[in-house]
Amino acid sequence: TTWRTTINTLQLGGNPLTGTIPAGLFVLPAFQYLDLAYCVNLTATIPTSTGILTTLSLRNLGPGLSGTVPVSLNTSKINTLYLDGNDLTGTIPLLTGMPNMNAFNLANNKIEGTFPAYVSNWPYLSMYTCDLSRNQFWDSPPSYCNTKCQCYSQVPTTSTALNSMTTSNVAVATT
């Protein structure tokens with residue numbers, strides 16, 4: 001039972017794991033880092049209680065990770081949050097209780113609502129560590145999207161959507 005009190009990191013990304021994420025992981029006393037990125041056979045929701053976790057990486061689980069971003073994350077110790085490439089829906093809750101956020105990636109989901117204004121108050125984010133792009137936000141990207149965060153939308157496929165676009169809400173990426 002010694003490992004239960006000393007394990008602080010679990011990196012299993014890219015493995016063919018199946019099943020669900022055990023809730024018991026988040027109550028381990030020293031557990032701070034979980035990486036299950038690209039474990040496409042997992043079925044999960046974002047845990048509502050994250051204990052002392054500082055890094056949560058549930059990237060590209062596809063349809064295996066669904067639900068919403070829980071408001072309970074607001075009081076967590078998380079400073080690195082990677083939830084990109086999943087089937088998350090709903091709006092982004094108020095997460096102002098996470099002042100040390102240094103990576104925030106919710107890109108490629110089905111998140112709606114408005115862009116969270118509080119992101120501009122997180123001093124450690126940059127264009128390389130923040131990505132809210134390719135979601136279904138209702139408003140135009142705020143000014144912080146030019147300096148602190150990637151916020152471009154998917155290119156619309158209907159002519160009605162194309163006609164309603166403005167240059168303020170479309171960014172073109174070049175390689």
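Before the pairings, a definition: two strands pair if DSSP finds at least two bridges between them. Helices (H or I, at least four residues) and strands (E, at least two) are DSSP runs, numbered from the N terminus. This is a predicted model, in which local features need pLDDT of at least 70 and side-chain atom pairs count only at pLDDT 80 or more, while totals for chains, interfaces and linings use all residues. Residues are numbered from 1 along each chain as its sequence is written, and side-chain values use heavy atoms, with hydrogens and water left out.

With that settled, β7 and β9 run parallel and are joined by three bridges.

Now the wider layout. The protein chain has two helices and ten strands. Read from the N terminus, the order is α-β-β-β-β-β-β-β-β-β-β-α. Six strands make an open sheet with parallel pairing, in the order β1-β3-β5-β7-β9-β10. Its edge strands are β1 (9–11) and β10, each of which pairs on one side only.

Some totals for the chain. Of its 175 residues, 39% are buried, where buried means under 20% relative accessible area, exposed over 50%, and partly exposed in between (1.4 Å probe, protein chains only). The accessible surface is about 9300 Å², and carbon and sulfur atoms account for 54% of that. Those areas come from the Shrake-Rupley method with a 1.4 Å probe, and for residues only the protein chains shown count as cover. For contacts, the criterion is heavy atoms within 4.5 Å. Taking contacts between residues at least 6 apart in sequence, 43% join residues at least 24 apart.

Next, two residues in the sheet strands. A103 sits in strand β9 and is buried, at 3% relative accessibility. Setting aside residues up to four places away in sequence, A103 touches N79, T80, L81, Y82, L125 and T129. A103 and N79 are 24 residues apart along the chain, with their C-alpha atoms separated by 6.7 Å.

S57 is in strand β5 and is buried as well, at 4% relative accessibility. Which side chain does the side chain of S57 meet in a polar contact? The partner is D35, at 3.4 Å. A polar contact is a pair of N or O atoms within 3.5 Å; within protein, one must be able to donate a hydrogen and the other to accept it, and residues adjacent in sequence count only if both atoms are side-chain atoms. Beyond four places in sequence, the residues that S57 touches are L34, D35, L36, A37 and Y82.

On to charges. A salt bridge here is a side-chain nitrogen of Lys or Arg within 4 Å of a carboxyl oxygen of Asp or Glu. How many salt bridges does a search of the whole structure find? It finds two.

One is R59 with D84, the closest N and O atoms being 2.9 Å apart. This pair links distant parts of the chain, 25 residues apart: R59 is in the loop between β5 (55–57) and β6 (62–67), and D84 is in the loop between β7 (80–82) and β8 (86–88). R59 is partly exposed at 22% relative accessibility, whereas D84 is buried with a relative accessible area of 7%.

Another salt bridge joins the side chains of D87 and K110 (3.4 Å, N to O). D87 lies in strand β8 and K110 in the loop between β9 (103–105) and β10, so the pair ties together parts 23 residues apart in sequence. D87 is partly exposed at 23%, and K110 is partly exposed at 39% relative accessibility.

D131 is buried yet has no salt bridge, and R134, the nearest side chain of opposite charge, is 4.0 Å away. For charge, Lys and Arg count as positive and Asp and Glu as negative; His and the chain ends are not counted. The side chain of D131 does make a polar contact of 2.4 Å with that of S133. Outside four places in sequence, D131 contacts F104, N105, L106, A107, C149 and Q150.

Q150 belongs to the loop between β10 and α2 (159–164), and is partly exposed at 24% relative accessibility. Its contacts beyond four places in sequence are M127, C130, D131, L132 and S133. From Q150 to S133, the C-alpha distance is 5.9 Å, for 17 residues of separation in sequence.
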